[in-house]
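Please open the model in a viewer and keep the selection panel at hand.

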Amino acid sequence: MSERAPTLVLDRASVAYGDVPVLEELDGVVHEGEAVALIGPNGAGKSTLIKALLGLVPVVRGRIEVLGRPPAQARRDVAYVPQADTLDPDFPVSVEQVVMMGRYRRIGWLRRPSAADRAETAEALERVGLAGRARDRFGTLSGGQRQRVLLARAIAAKPRMLLLDEPFNGVDAVSQHALLEAIGSLKEQGASVVVSTHDLAIAHLACDEVCLLNRHQFGFGPTGDVLTPERLRATYGGHALELRGDRVIVTQT
Amino acid sequence: MILFEPFHLPFMARALVELVILGVLAGTVGVLVLLRRLAFVSDTLTHTVFPGVVIGHLMAGDDGIFWGALAAGVVTAVLLTLLTHRRRVSEDAALAMLLTTLFAVGVVLVSRQTGFTSDLTAFLFGRVLTVSEEQLVQTAVVTVVVVALLAVLRRPLLLRAFDPEGARAAGVRVGLLDLVVNIAVALVVVAAVRAVGTILVIALLIVPAAAARNLSDRLAVIVPLACLVGAAGGWLGLVVSYQASVEYDLRLASGATVVLALVALYGVAYAAGTVRRRAALSRARRRAALEVAA
């Protein structure tokens, strides 16, 4: 079997907003078809790392490489999924229009969406289980369904890397299942996935690797090896409780 | 017929054409202002164009107004874009300062003139009944340029309005796009300044777009509808102010009457929108009930 190509390389990377360092000394590698969970408390720098992977926050020391390129030059092949509840529910766009936004780079400014664009849009909606809602207004959907639409938008862009910012926050069980399925099938097609989450169970379920973050890196590696009580306690400080030796509850996220 | 008769007079016909063109321009830009929640930024631009109007008038009389407004509009659009992207000061406070400072500069300059009050009134509220053919051409040219620009940029504009982080992530140059929007708003003010004045133009931007939003959830409908409401408000306002003055000897300022006509249309749209939302809600409930039953 051939070695899978690395898609994300963190090499002693430090990330800063202006003069304020946010994340320091990150190290790790993610390969094609792998998913990595970013885990850490609020303010740990998970969203900042995602922005750095998009080239929107500068790397001040070390190196970040996305798909073999500096992050800002890899954007064409990277899709970003924001948290659905950061978007205005009154905005007058249909579900179909939102998903079509994922095709904008291919469509350009003037051309009308082609039959292929429409087919990709429809297929992406199908994959998140919302094919019947294409014509509904985005804001009329539930929070979990909106999150699925945003994932469909990313799928329609045919990315080689997918970045998701807290996609499971406040999401119902049906939507969570649909999101996990869709992420799984993207991985099978060779895309790499980076997902920030509070939810350790989801990290276990969906991700091969975990990156424990709180300003610094507290671990990066296979989920089973990294999600240990000791490391979680180190990452979360006083907010991790141990139950019967091997299970950990994080009391503040 | 009462709705068409006034426009046999050439000056009324010119006023109508001007307001219809402005309706299309302000309707299109207004929808963008509404989506981006830029009402206060737009209001600031209407005030910061004012000193340009005064300086243009001082330098070259009535013909200087357009060019003075254009220069001030572009300069302040750039300033505002920088200001709202830096966030050193709270955005609202910075805008309010800029708005009043430049407005005061305009008032100081105009107060040094003889005939101060009449000039000031004209700059603030416009003189739609004295619109010249040259002005019509200027308004039409600005409208074509702005509408074409926004049509070309419609996809990045929509993405940026809906999801700014997503737009940045997709490589959209958000700063540049915001500058284009601010300049588009400034150009509406520039085009409208002699007809409706710097104060009333904000109504032309906001009210038709808000009315249209009540009537539809689809942008492909909202934009033309906003243009239509803007144009209809202009027409209705002119008819009312003309008939009031001819039939009842009541002098109603035409610019302000147009604004009130727009607000009346908004009232109608709001009522229709309420009915529409109720109907949509009961449809959604029925569908939910069917889904549960299935």
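Helix axes are lines fitted to C-alpha atoms over the stretch in contact, and their angles run from 0 to 180 degrees between N-to-C directions. Helices (H or I, at least four residues) and strands (E, at least two) are DSSP runs, numbered from the N terminus. The model is predicted: local features need pLDDT of at least 70 and side-chain atom pairs count only at pLDDT 80 or more, whereas totals for chains, interfaces and linings use all residues. Residues are numbered from 1 along each chain as its sequence is written, and chains are lettered from A and ligands numbered from 1 in the order in which they are written.

**Chain B: two helices**

Select helix 3 (residues 50-60) and helix 5 (residues 91-111) of chain B; their axes come within 7 Å and cross at roughly 25°. Helix 3 of chain B is therefore roughly parallel (an angle under 35 degrees) to helix 5 of chain B.

Now colour helix 3 of chain B by burial. Eight of its eleven residues are buried, that is, 20 or more other C-beta atoms, placed from the backbone, lie within 10 Å of their own. Among them are B:Phe50, B:Val54 and B:His57.

Move to strand 8 (residues 209-214) of chain A, where five of the six residues are buried. Strand 3 (residues 35-39) of chain A runs parallel to strand 8 of chain A, joined by four bridges; A:Ala37 stands opposite A:Val210. Strand 9 (residues 216-222) of chain A pairs with strand 8 of chain A in the antiparallel sense over six bridges, where pairing requires at least two DSSP bridges. A:Cys211 has A:Phe220 as its bridge partner. In the one-residue hairpin between strands 8 and 9 of chain A, A:Arg215 takes a positive phi near 70°.

Which helix of chain A holds A:Ile183? A:Ile183 is found in helix 7 (residues 173-188). A:Ile183 counts as buried because it has 25 C-beta neighbours inside 10 Å. Beyond four places in sequence, A:Ile183 is in contact with A:Ala35, A:Val193 and A:Ala206, contact meaning C-beta atoms, placed from the backbone, within 7 Å.

Finally, display both chains: 16 residues of chain A are in contact with 19 residues of chain B. The chain A side has twelve nonpolar, one polar and three charged residues.

Definitions and conventions: Two residues are in contact if their C-beta atoms, placed from the backbone, lie within 7 Å. Ala, Val, Leu, Ile, Met, Phe, Trp, Tyr, Cys and Pro count as nonpolar, Asp, Glu, Lys and Arg as charged, and the others, Gly among them, as polar. A residue is buried if 20 or more other C-beta atoms lie within 10 Å of its own, exposed if 12 or fewer, and partly exposed in between; C-beta atoms are placed from the backbone. Angles under 35 degrees count as roughly parallel, over 145 as roughly antiparallel, 65 to 115 as roughly perpendicular and the rest as oblique.
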